[in-house]
Amino acid sequence: MKLEIELVGVYDKANTLVVDEKVVKLKKKDGNTRYAVVETEKSKVDVAMYKAHHYVGKHWFWWQLLYFFVSVFGIFDIKQDKKMLVADCSFTVDVTGDTKVVLKRENFVDQGKFLKIETSSTIEEKSNIQYIDKEALKRHKKMKKAKIGIFAGVVVLAILLVILL
Amino acid sequence: MEENKEVVTLNHNISPKFVSTIRADRFSRIFFNMSVTLMIIALFAALSTFILPFAQMFLVLIIFLIIFLMIVVTFGTIFTLPNNPIIPLWEFLQKAIDFEKVQSLLVYIVNAIPYICIAGLVCSVVSLLITVLNKSKREVGKIVALSIFIGILIIAIILYFVLGGSL
């Protein structure tokens with residue numbers, strides 16, 4: 001059985017399509033449309049589309065610090081979305097034969113719907129929301145201060161080393 | 001920890017498996033960026049040993065990069081140091097532009113080639129391992145690119161030692 005998922009609307013690389021806990025790559029169809037075809041034996045398939053930031057989990061601070069050091073003070077790090085937008089849409093779709101699901105991006109409204117789901121099959125929506133993660137914004141600011149502190153520490157250490165040597 | 005309560009509500013629907021995927025992806029991209037940069041530096045260094053204009057361009061770029069990084073990382077406080085390293089670097093830069101003196105300066109860079117290659121190889125291997133082990137996200141393009149990098153760097157290291165180089 002085939003499940004075709006089509007995403008219509010402005011494509012954001014940070015959006016990740018997950019089908020049965022596996023990340024699925026979207027291919028370009030035309031203009032603002034992307035699609036993916038998934039072969040499955042299951043009659044019910046879990047589909048999710050996320051946009052997440054890296055300030056998640058219990059140990060977010062230590063992870064951020066690790067990224068900072070590994071990427072040589074952030075020089076080789078990736079560019080992050082500073083707005084901390086989080087989007088989460090997950091649903092279960094009944095797959096009977098060849099099934100097509102069209103996901104249309106909604107305009108951004110804080111705490112509003114993320115995707116409009118169109119399909120002839122039956123779906124069970126679990127979540128569908130997009131919002132600015134204020135907690136992540138706070139964490140981002142906290143991390144910025146920590147990075148400046150580390151920088152300052154390194155500078156002081158370097159000056160001390162130069163003076164002593 | 002104070003965050004415990006908030007973590008429950010933050011991205012509550014996103015599975016831990018997905019979180020580990022995005023973490024692995026970030027590490028893989030960091031190491032990929034590092035290996036690309038080291039590859040370019042090693043390539044320019046290698047080319048500069050027999051193509052003089054490359055040598056000049058390479059030296060000027062590297063010295064500019066080092067000066068820029070020094071100023072940024074130290075927030076400009078480097079100028080206040082008694083043994084300001086910017087001055088000898090600037091003199092070095094002027095020598096680099098001087099066509100005849102390039103050859104003598106190249107010795108320093110050429111000596112660093114094996115170290116740059118080894119560092120690039122380590123970064124490429126780490127990035128490749130993370131990308132391959134991250135089974136929920138298949139990135140064929142990246143795997144192919146990293147395999148090419150590893151091949152080139154291994155050949156470069158072997159050639160260096162075969163031609164009589166040592167660490």
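Visitor: Which residues of H2(A) are called buried, and what makes them so?
Guide: In this predicted model, the buried residues of H2(A) are Glu135(A), Ala136(A), Arg139(A), His140(A), Met143(A), Phe151(A) and Val155(A). They carry the label because each has under 20% relative accessible area, whereas over 50% would be exposed and anything in between partly exposed (1.4 Å probe, protein chains only). Residues are numbered from 1 along each chain as its sequence is written, and chains are lettered from A and ligands numbered from 1 in the order in which they are written. Because the model is predicted, local features need pLDDT of at least 70 and side-chain atom pairs count only at pLDDT 80 or more, while totals for chains, interfaces and linings use all residues; side-chain values use heavy atoms, with hydrogens and water left out.

Visitor: How do you know that the span of H2(A) agrees with its number of residues?
Guide: The expected span of a helix is 1.5 Å times one less than its number of residues, and helices (H or I, at least four residues) and strands (E, at least two) are DSSP runs numbered from the N terminus. For the 31 residues of H2(A) this gives 45 Å, and the end C-alpha atoms are 45 Å apart, so the two values agree. At the start of H2(A), a side-chain oxygen of Asp133(A) comes to within 3.2 Å of the backbone nitrogen of Glu135(A).

Visitor: Why is the pair Glu6(A) and Lys29(A) called a salt bridge?
Guide: The term requires a side-chain nitrogen of Lys or Arg within 4 Å of a carboxyl oxygen of Asp or Glu, and here the N to O distance is 2.6 Å, so the pair qualifies. Glu6(A) lies in strand E1 (residues 2–8) and Lys29(A) in strand E4 (residues 27–30) of chain A, so the bridge ties together parts that are 23 residues apart in sequence. Glu6(A) is buried at 9% relative accessible area, whereas Lys29(A), at 41%, is partly exposed. Both also belong to a network of salt bridges with Lys100(A).

Visitor: What makes Lys134(A) exposed but Asp110(A) partly exposed?
Guide: Lys134(A) has a relative accessible area of 53%, and therefore counts as exposed, while Asp110(A), at 30%, is partly exposed. The side chains of Lys134(A) and Asp110(A) meet in a salt bridge at 3.5 Å, N to O. This pair links distant parts of the chain, 24 residues apart, with Lys134(A) in helix H2 and Asp110(A) in the loop between strand E8 (98–105) and strand E9 (115–119) of chain A.

Visitor: How many salt bridges does the rule find across the interface of chain A and chain B?
Guide: The rule finds one there, and it joins the side chains of Asp77(A) and Arg26(B) at 2.7 Å, N to O. Among the elements of chain A that each supply at least two residues of the side touching chain B are strand E2 (15–19), helix H1 (60–70) and strand E7 (85–94), but H2(A) gives the most, with eight residues.

Visitor: What area do chain A and chain B bury between them?
Guide: About 3,700 Å² is buried, 67% of it on carbon and sulfur atoms, where buried area is the accessible area (1.4 Å probe) that two parts lose on being put together, summed over both. Tyr67(A), Phe76(A) and Ile78(A) supply 16% of the area that chain A buries against chain B, more than any other three residues. The contact, meaning heavy atoms within 4.5 Å, takes 40 residues from chain A and 35 residues from chain B.

Methods
Polar contact = N/O pair within 3.5 Å; in protein donor to acceptor, adjacent residues only side chain to side chain.
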